[in-house]
Amino acid sequence: MRRTLAALAVVAAAPALAQEPMSAAEFDAYATGKTLYYATGGQPYGAEQYLPQRRVIWTFLDGDCVEGSWYEADGLICFSYDRDPGNPQCWSFFRAPTGLTARFENDPAATQLIEVEQSREPLICTGPEVGV
């Protein structure tokens with residue numbers, strides 16, 4: 001599996017360098033109604049469920065989920081999460097043969113994600129506050 005993810009990272013990263021980032025309308029049409037799973041450096045990173053009206057649910061795949069929304073700002077797709085609304089996370093998204101690639105624009109050298117799976121199923125969020 002690691003080799004597959006690493007190979008996908010190489011294949012997916014190359015088209016992102018040559019393409020223009022997706023517009024907000026393109027991103028909305030692609031993502032809404034889906035849950036996308038992302039990897040970085042050949043390792044699972046997280047998943048995001050894209051809901052109508054630009055609402056999202058994010059998890060680092062640990063069962064703890066955070067809700068938020070996304071918006072377009074200066075050609076970037078920015079996410080504002082309910083736990084930290086004053087700290088938007090802005091990304092450039094690109095289409096690749098295997099799905100999406102995303103570059104974190106708050107620090108472009110820090111994170112590049114590739115879509116490794118998509119589903120129509122909602123995320124399972126157990127959260128840290130589950131139980132009695």
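1. Strands β2 and β3 form a hairpin with four residues between them, and in its turn Q53 has a positive phi of about 60°; strands here are DSSP runs of E of at least two residues, numbered from the N terminus. The two strands, β2 covering residues 43-50, pair in the antiparallel sense over four bridges, where pairing requires that DSSP finds at least two bridges between the strands. Within this pairing, E48 has W58 of β3 as its bridge partner.

2. The model is a predicted one, in which local features need pLDDT of at least 70 and side-chain atom pairs count only at pLDDT 80 or more, while totals for chains, interfaces and linings use all residues. Residues are numbered from 1 along each chain as its sequence is written, and side-chain values use heavy atoms, with hydrogens and water left out.

3. Strand β3 also pairs with β4 (residues 65-73), again in the antiparallel sense, over five bridges, and R55 has S69 of β4 as its bridge partner. These two strands form a hairpin with five residues between them, and L61 in that turn has a positive phi of about 70°. Of the five residues of β3 (55-59), four are buried, that is, under 20% relative accessible area with a 1.4 Å probe and protein chains only, whereas exposed means over 50% and partly exposed lies in between.

4. A search of the whole structure finds two disulfides, a disulfide being a pair of cysteine sulfur atoms within 2.5 Å. One of them joins C65 to C125, with an S to S distance of 2.0 Å, and links distant parts of the chain, since C65 is in β4 and C125 in the segment after β8 (112-119), 60 residues apart. The torsion about this S-S bond is about -85°, so the disulfide is left-handed. C65 is buried at 16% relative accessible area, whereas C125, at 39%, counts as partly exposed.

5. The other disulfide joins C78 to C90, also at 2.0 Å from S to S. C78 lies in β5 and C90 in β6, so the pair ties together parts that are 12 residues apart in sequence. Its S-S torsion is about 110°, so this disulfide is right-handed, and both C78 and C90 are buried. With the bonded cysteines numbered in sequence order, the pairing is 1-4, 2-3.
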